[in-house]
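Please look over the structure below before reading the notes. They are written for someone who has not seen it before.

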Amino acid sequence: MLPEYFQTPIEGLKLIKPAVFSDQRGYFTESYNQSDFSDLGITDKFVQDNRSLSAKGAVRGLHFQKPPFGQAKLVLVISGSVLDVVVDIRKNSDTYGKHYSVVLSGENFLQLYIPEGFAHGFLTLEDNTIFVYKCSNYYNKQSEDGLLWNDPTLAIPWGVSEPLLSEKDNKLSGFDKFISPF
């Protein structure tokens, strides 16, 4: 059964809900099927899977990799929940500089497909949240970059003023000085 697909206000960004089969034993869901996702227009070849465990109140992001190491991502939460946030950094896009956010959780099974050309981050809403994502390109340290999570130009309503942050994420540049490589 094909997953449900929901249009977002940003072109290319897709919210997906896979079919979930539940009974007295628990549930079963197919989180990725190349053929089904291709039918939804997602044709990226995913080459790397990543997983993170985070405490409540952690912000990770807003990250991206510059071309030629840009990455499309398919993200989901196994347990716990996050406020997932993306910013369109495709300079020729009608929604350049706009953000989209959605709650992803182990209970709602939602997934977000993020094409290349977006900065991505999330706020963990529960302790011990496990976040998983597929990437269409391998991690390349020299091409990693990001935007400051609380940049006033972006005005993202994170709902937290003092999150747990990495030193690296706390030093990212603001959007007003950003020159997009996409």
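This is a predicted model: local features need pLDDT of at least 70, side-chain atom pairs count only at pLDDT 80 or more; totals for chains, interfaces and linings use all residues.

Residues are numbered from 1 along each chain as its sequence is written, and side-chain values use heavy atoms, with hydrogens and water left out.

**The sheet**

- Helices (H or I, at least four residues) and strands (E, at least two) are DSSP runs, numbered from the N terminus.
- An open sheet is formed by six strands, and its order is β1-β2-β10-β7-β12-β5 with antiparallel pairing; two strands pair if DSSP finds at least two bridges between them.
- At the edges are β1 (4-7) and β5 (48-54), each of which pairs on one side only.
- On average, neighbouring strands of this sheet are turned by 25° against each other, direction ignored; the axes are lines fitted to C-alpha atoms, for helices over the stretch in contact, and angles run from 0 to 180 degrees between N-to-C directions.
- Four bridges join strand β7 (residues 73-79) to strand β10 (residues 111-114) in the antiparallel sense.
- L74 has Y113 in β10 as its bridge partner.
- Strands of a sheet pair through backbone hydrogen bonds, either parallel or antiparallel.

**Two serines**

- S105 is placed in strand β9 (residues 99-105).
- S105 counts as buried because its relative accessibility is 10%; buried means under 20% relative accessible area, exposed over 50%, and partly exposed in between (1.4 Å probe, protein chains only).
- The S105 side chain reaches the backbone nitrogen of N108 at 2.9 Å. A polar contact is a pair of N or O atoms within 3.5 Å; within protein, one must be able to donate a hydrogen and the other to accept it, and residues adjacent in sequence count only if both atoms are side-chain atoms.
- With neighbours within four places in sequence left aside, S105 is in contact with V77, G80, S81 and L110, where contact means heavy atoms within 4.5 Å.
- S136 is placed in the loop between β12 (129-135) and β13 (144-146).
- S136 has 18% relative accessibility and therefore counts as buried.
- From S136, the side chain reaches the backbone nitrogen of A72 at 2.8 Å.
- Leaving aside neighbours within four places in sequence, the contacts of S136 include D44, F46, G70 and A72.

**Aromatic rings**

- Ten aromatic pairs are found in a search of the whole structure. Rings of Phe, Tyr and Trp (its six-membered ring) pair if their centres lie within 6.5 Å; planes under 30 degrees apart count as stacked, over 60 as edge-to-face and the rest as tilted.
- One of the pairs is F64 with F182, which is edge-to-face at 6.0 Å centre to centre and 70° between the planes.
- This pair links distant parts of the chain, with F64 in strand β6 (residues 59-65) and F182 in the segment after α2 (167-170), 118 residues apart.
- Both F64 and F182 are buried.
- The pair of F131 and Y133 is tilted, because the ring centres are 5.7 Å apart and the planes are at 55°.
- F131 counts as buried, at 0% relative accessibility.
- One aromatic cluster is formed by F64, Y96, F175, F178 and F182.
- The face of Y5 has K14 over it, 5.2 Å from the ring centre; a charge sits over a ring if NZ of Lys or CZ of Arg is within 6 Å of the ring centre and within 35 degrees of the ring normal.

**Single positions**

- G117 lies in the loop between β10 and β11 (118-124) and is buried, with a relative accessible area of 2%.
- Apart from neighbours within four places in sequence, G117 is in contact with V87, D88, I89, R90 and F182.
- Q34 is placed in helix α1 (residues 34-39) and counts as exposed at 54% relative accessibility.

- Most residues other than glycine have a negative phi, and most peptide bonds are trans.
- The bond from G61 to L62 is a cis peptide bond, with omega near 15°, and L62 lies in strand β6.
- From P67 to P68 the peptide bond is also cis, with omega near 10°; P68 lies in the loop between β6 and β7.
- F109, although not a glycine, has a positive phi of about 65°.
- A155 is a residue other than glycine with a positive phi, near 50°.
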